[in-house]
Amino acid sequence: MLSLFKGKNMAEYKKWTIIYGVAAFLFSVAAYANPCSNASNRQAFHSCAYSYHTRAFKKLENTYKQALAKSDEVVQEHLKNAQRAWWRFKELDCTSPTLYFSDMAESAKSVCEADKAIIREKEIRELYMAN
């Protein structure tokens, strides 16, 4: 890629690197298998992402509450601490610097968070409610 920018300044190279990086990231978000990948336009994607996020987090919340109700105090404290750590992880992992200038940023973040919530709900169910 550097050969394309011979004789040009480093700022031009960085600009195109960022553009290609954003395009690759957005393509990977769009290609990722999620219920919103077939949305026909931006509004449909935003609506789908919001709905997907809401459903995933409602299910996670219900499972989390059931696990807390089923557990003794020691396990409850452990689960609460684990959930707080997971929440921080989810926030950091689903916030990409490449999305800051995209009008799809919030929707892409919602899909990422929903994907993580689905995985987390399964983990809680298997780890805390298997008995």
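Ground rules first: I'm in a predicted model, where local features need pLDDT of at least 70, side-chain atom pairs count only at pLDDT 80 or more, and totals for chains, interfaces and linings use all residues. Residues are numbered from 1 along each chain as its sequence is written, and side-chain values use heavy atoms, with hydrogens and water left out.

**Disulfides.** I took a disulfide as a pair of cysteine sulfur atoms within 2.5 Å, and that rule gives 2 disulfides. Cysteine 36 and cysteine 48 have their sulfur atoms 2.2 Å apart. Their link is left-handed, at -90° about the S-S bond. Cysteine 36 sits in the loop between α1 (10–31) and α2, and cysteine 48 in helix α2, so the pair ties together parts 12 residues apart in sequence. For cysteine 94 and cysteine 112 I get S to S 2.1 Å. In sequence order, the bonded cysteines pair 1-2, 3-4.

**Burial.** Cysteine 36 is buried, with a relative accessible area of 1%; buried means under 20% relative accessible area (1.4 Å probe, protein chains only). Cysteine 94 also counts as buried, at 5%.

**Helix α2.** Helices here are DSSP runs (H or I, at least four residues), numbered from the N terminus. I find 29 residues in α2 (residues 42–70). Its buried residues, including Phe45, Tyr52 and Leu60, pack against α3 (73–93) and α4 (105–128).

Terms used
Helix = DSSP H or I, 4+ residues; strand = E, 2+ residues; numbered from the N terminus. Expected span 1.5 Å × (residues − 1). Buried < 20%, exposed > 50% of the residue type's maximum accessible area, 1.4 Å probe, protein only. Contact = heavy atoms within 4.5 Å.
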